[in-house]
Amino acid sequence: MNKYNILITGGAGYIGSILTPLLLANGHKVTVIDNYKYNQSSLTTSIINKNFNLIKEDCRNIKVLKSVIKKFDIIIPLAAYVGAPLCNKDPWAASSINKESIISLFKILSKKQLVIMPTTNSAYGTGNKDNYCDENSKLKPLSLYAKEKVEIEKILMNRENSISFRLATVFGMSPRMRLDLLVNDFTYKALKEKSIVLFESHFKRNFIHVRDVADVFNLAINNSDNFVGNIFNVGLSDANLSKYELCKLIKKFLPSFEIYKSSSGKDPDQRNYLVSNKKIENKGFKPKVSIEEGINELIKGLKIFNTKTFTNLH
Ligand SMILES: NC(=O)c1ccc[n+]([C@@H]2O[C@H](COP(=O)([O-])OP(=O)(O)OC[C@H]3O[C@@H](n4cnc5c(N)ncnc54)[C@H](O)[C@@H]3O)[C@@H](O)[C@H]2O)c1
């Protein structure tokens, strides 16, 4: 297998701190640019690897990017203000990172450099009457976060050598933990608070484990000719679950979990959909971690956390 020189912005984040060690283990050279916004301590175990380079820097610093960019074969832009609540809290910073910095990055890349970028399936909003979505379904982003992800995906797909992964909501343990993601959040509540109040409890979402996300990037790196120029949904086909169904599943593992429904509260992107992941499955992607295994892993791992400060709003 070919070995590449790879740049990951935001590589110390929830996804990046699983993806970076995987790519290093596969013999690639990896440089991470991350400002460690959350004072996280991820990637400490990668420091010793001679193929790893860490630049603690803001991804908007175009001077720094320009000084290193030429040497990379592959760029994976993960640095972002992630999620609607954080973006709404500081819209200027969100736009400058999630949109402007990505546009500036694309401008300094050569056509030969491959970009593999996570976007989001939250832009599917509330789908057609069956709420069924594939990659050709109309996008209806409502939040600033989803709108800018959609804009960037359009620009991305207009450049050569690009791949977009519309990720489902990611779950599972990571060295830079995020407790604001739905499965992680609900499992934390079941474990620590023993109850939950659900709004829009019938709204369906799609999910994927963080290690399977790392695997899909790896698959695309090793088979890029087969992937370029395409957008793929990436999720577990057997995990299109409503919030209520997800809570019932968690309750199987933690029977004392009480689930209450509420009529107030609204999802900023009105996410309620059944996502088809057939296109990526047809390229040979087989997710390894089921939602049940993920919940089990979280029940074991979340015992570490005593406060809910590991969210993007803290
Ligand atoms: N986790 C999910 O469910 C999910 C779903 C769809 C798409 N995505 C996308 O995947 C990417 C990574 O998400 P994540 O879940 O790992 O989030 P995360 O918040 O854990 O990671 C973002 C990383 O970017 C860094 N960062 C933030 N601002 C920066 C700046 N100005 N300069 C340099 N670094 C900066 C943070 O320190 C962090 O390490 C994002 O683009 C996100 O939109 C995530």
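**View 1. The second largest cavity in the predicted model has a volume of about 30 Å³.** Its lining is formed by T119, T120, A123, L139, K149, V150, E153 and R166. Two elements, β5 (114-120) and α5, each give two or more residues to this lining. Helix α5 gives the most, with 3 residues. Sorted by class, the residues lining the second largest cavity are 3 nonpolar, 2 polar and 3 charged.

**View 2. The largest cavity has a volume of about 50 Å³.** The structure holds 2 cavities of 30 Å³ or more. Around the largest cavity lie the lining residues T9, C59, L65, P77, A79, S101, I102 and L105. Helix α4 gives the most to this lining, with 3 residues. By class, the lining of the largest cavity has 6 nonpolar and 2 polar residues, and no charged ones.

**View 3. Helices α4 and α5 come within 10 Å of each other, taken between their axes.** Two packed helices are described by the angle between their axes and the distance between the axes. Helix α4 covers residues 91-107 and helix α5 covers residues 144-157, and their axes cross at roughly 5°. Angles under 35 degrees count as roughly parallel, so α4 is roughly parallel to α5.

**View 4. Residues of α4 meet residues of α5.** On the α4 side, the contact is made by P91, A94, S95, N98, K99, I102, I103 and F106. On the α5 side, the partners are L144, Y145, E148, E151, I152, I155 and L156. The contact of α4 with α5 has 10 nonpolar, 2 polar and 3 charged residues. One of the α4 residues in this contact, I102, is also listed in the lining of the largest cavity.

Notes. Residues are numbered from 1 along each chain as its sequence is written. This is a predicted model: local features need pLDDT of at least 70, side-chain atom pairs count only at pLDDT 80 or more; totals for chains, interfaces and linings use all residues. Side-chain values use heavy atoms; hydrogens and water are left out. Axes are lines fitted to C-alpha atoms, for helices over the stretch in contact, and angles run from 0 to 180 degrees between N-to-C directions. Helices (H or I, at least four residues) and strands (E, at least two) are DSSP runs, numbered from the N terminus. Angles under 35 degrees count as roughly parallel, over 145 as roughly antiparallel, 65 to 115 as roughly perpendicular and the rest as oblique. Contact means heavy atoms within 4.5 Å. Ala, Val, Leu, Ile, Met, Phe, Trp, Tyr, Cys and Pro count as nonpolar, Asp, Glu, Lys and Arg as charged, and the others, Gly among them, as polar. On a 1 Å grid over the protein atoms alone, a cavity is a set of points where a 1.4 Å probe fits but cannot get out, and a pocket is an open set with protein on both sides within 12 Å along at least five of seven lines; lining residues have an atom within 4 Å of a point. Grid points are joined across faces, edges and corners, and a volume is the space filled by probe spheres set on the points.
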